Amino acid sequence: MRLTLDLLQQAQQSLNAAKQRQLMLRGYKIPSIENLGGTNDAYEALDLSDNDLIKLGNFPPLKRLHTLLLMNNRISRIAPDCFDSIPNVESVVLTGNKLEKLCDLEALQSMKKLERLSLMDNPVTKVKHYRPYMIHKCSKTLRILDFNRIKDKERKAAALLFAGERGRKLLEEIAPPRAAGKEGSEKTAEAAKQGPSPEVIERIKKAIAEAETIEEVTRLEKALKSGVLPDDLKDGPPGAGAGGGDAMKVDG
């Protein structure tokens, strides 16, 4: 289910245990974040748990937001600018997602006011030196990581672990930057998981109607199922390409 303005208006509102006004968007199988500007920045907490989010990002300016609950989604990526428009967030709960690499957590490290963070039940927590790495890289405002308070001796140990040339090499070893070439393929896979847009569906259906061979119909039907627009349909109007336009016909 898309995160529409109607859904925002129908969603339950409540006061959480911290006396924050909270919008409950839990369990709607929401695939991506959109239209949150429709909340008019009226909430201190957003609960987006138990949905189908894959990539975290696309937040509008929400200066009042302090708590973000994102448990049990399928989040494997966080946009680099994810938290730029929600600068006052202090608590992020990402328990039960699919974050795998330390480089996937860079956006969290840029949060200036982050105090509480949970990444429990994500594969990344099994990476060597995960906890000292996060303590070292995150803002000094971070007090609680994975529901355990960060102790002073942990901060000192993390600083020592990553100090000097040896520490720099260790950082490069455990948190290498993501390969740039993967970005495009991951965006394509993400679009396929979220389903095709109405425009893509319309263009592929029109091409199917105008196709002249069984092979062409079969190819386009596969594209319709995958939700990825074939390259020969990306340029020009919906009727162009795919063997269906007048330009492709040869007078006999």
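**Stop 1: helix α5**

Select residues 164-174, which form helix α5; Gly167, Leu170, Leu171 and Ile174 are buried there. These residues lie on the same side of α5, because they cover an arc of only 100 degrees around the axis. In an α-helix, residues three or four places apart point the same way, because there are 3.6 residues a turn.

**Stop 2**

Glu154 is partly exposed, at a relative accessible area of 22%.

**Stop 3: other salt bridges**

The structure holds nine salt bridges. Select Arg2 and Glu34 next; their closest N and O atoms are 2.8 Å apart in a salt bridge. Arg2 sits in the segment before α1 (5-10) and Glu34 in the loop between β2 and β3 (45-47), so this pair joins parts 32 residues apart in sequence. Glu34 is buried, with a relative accessible area of 15%.

Move on to Arg77 and Asp104, whose side chains meet in a salt bridge at 4.0 Å, N to O. Arg77 is in strand β6 (residues 77-78), while Asp104 is in the loop between β7 (91-93) and α2 (106-109), 27 residues apart. Arg77 counts as buried because its relative accessibility is 15%; Asp104 counts as buried at 5%.

**Stop 4: a loop residue**

Select Gln20, in the loop between β1 (12-15) and β2 (21-24). Is Gln20 buried or exposed? Its relative accessibility is 14%, so Gln20 counts as buried. Leaving out residues up to four places away in sequence, Gln20 touches Ser14, Leu15, Glu44, Ala45, His66 and Thr67.

**Stop 5: the whole chain**

Zoom out and colour by secondary structure: the protein chain has nine helices and 10 strands. Of its 252 residues, 42% are buried.

Then colour by pLDDT, since this is a predicted model. The mean pLDDT of the protein chain is 85, and 85% of its residues reach 70 or more. Finish at residues 237-252, where the pLDDT is below 50; this stretch has 26 contacts in the model beyond near neighbours in sequence. Where pLDDT is low, the predicted coordinates should not be read in detail.

Terms used. Residues numbered from 1 in each chain as written. Predicted model: local features only at pLDDT ≥ 70, side-chain atom pairs only at ≥ 80, totals over all residues. Heavy atoms only, no water. Buried < 20%, exposed > 50% of the residue type's maximum accessible area, 1.4 Å probe, protein only. Helix = DSSP H or I, 4+ residues; strand = E, 2+ residues; numbered from the N terminus. Arc of directions from axis to C-beta. Contact = heavy atoms within 4.5 Å. pLDDT = per-residue confidence, 0-100.
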